[in-house]
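Here's a quick tour for anyone meeting this structure for the first time. Have a look at it, then read on for the main points.

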Amino acid sequence: VGRPPSKADTKPDIVVNEKSVSKIHAILRVEPGSGDGDPQNRLILIDKSRFGTTVNGQKMPTGGSQELAAGDAVQLAPKTFLMWVAGRRDPGPPSGVGSAPAAPAAA
């Protein structure tokens with residue numbers, strides 16, 4: 001997760017076009033469940049940012065990692081959040097990335 005690079009050296013899979021987001025702000029890693037009655041994969045957030053990342057309002061230690069649960073809100077910048085929704089097979093475009101959603105168009 002990060003903002004678009006000025007050069008094509010490394011491009012994040014999830015691009016957030018916000019100046020206060022680091023070029024490589026965080027890494028999202030999927031770890032398989034244990035298989036012992038826990039078939040669920042786990043989503044691990046690894047902070048790589050310069051100024052920090054918060055999860056549910058709690059600042060992560062720089063370089064720290066944390067397992068995310070469904071519904072966790074990850075704040076990358078003052079008005080930039082990611083929200084993890086568990087159980088979706090086709091995530092489509094990232095939702096919850098950016099500012100408040102735009103108002104629906106009139107019919």
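Contact here means heavy atoms within 4.5 Å. Keep in mind that this is a predicted model.

- Four strands make up an open sheet, in the order β4-β3-β6-β7, and their pairing is antiparallel.
- β4 (58-59) and β7 (80-83) are the edge strands, and each has a single partner, so one side of each has no neighbour in the sheet.
- As background, strands in a sheet pair through backbone hydrogen bonds, and they can do so in a parallel or an antiparallel way.
- Strand β3 (residues 54-55) is joined to β4 by two bridges, in the antiparallel sense.
- Across that pairing, V55 sits opposite Q58 in β4.

- T54 belongs to strand β3.
- Is T54 buried or exposed? Its relative accessibility is 18%, and buried means under 20%, so T54 counts as buried.
- Setting aside neighbours within four places in sequence, T54 touches K59, M60, A73, V74 and Q75.
- N56 is in the loop between β3 and β4, and it is partly exposed, with a relative accessible area of 46%.
- Most residues other than glycine have a negative phi.
- N56 isn't a glycine, yet its phi is positive, at about 50°.

**The nonpolar core**
- How many residues does the largest nonpolar core have? It has 13, and those with the most contacts inside it are L45, V55, L68, V74 and L76.
- Two or more residues each come from β2 (42-47) and β6 (73-77).
- β6 is the top contributor, giving three residues to this core.
- In soluble globular proteins, nonpolar side chains tend to be buried together.

**A buried proline**
- P12 is found in the segment before β1 (26-31).
- With 7% relative accessibility, P12 counts as buried.
- Which residues does P12 touch, leaving aside its neighbours within four places in sequence? They are V1, G2, R3, P5, K23 and I24.
- P12 and I24 are 12 residues apart along the chain, and their C-alpha atoms are separated by 6.7 Å.

Definitions and conventions
Residues are numbered from 1 along each chain as its sequence is written. This is a predicted model: local features need pLDDT of at least 70, side-chain atom pairs count only at pLDDT 80 or more; totals for chains, interfaces and linings use all residues. Side-chain values use heavy atoms; hydrogens and water are left out. Two strands pair if DSSP finds at least two bridges between them. Buried means under 20% relative accessible area, exposed over 50%, partly exposed in between (1.4 Å probe, protein chains only). A nonpolar core is a set of buried Ala, Val, Leu, Ile, Met, Phe, Trp, Tyr and Cys residues joined through side-chain atoms within 4.5 Å.
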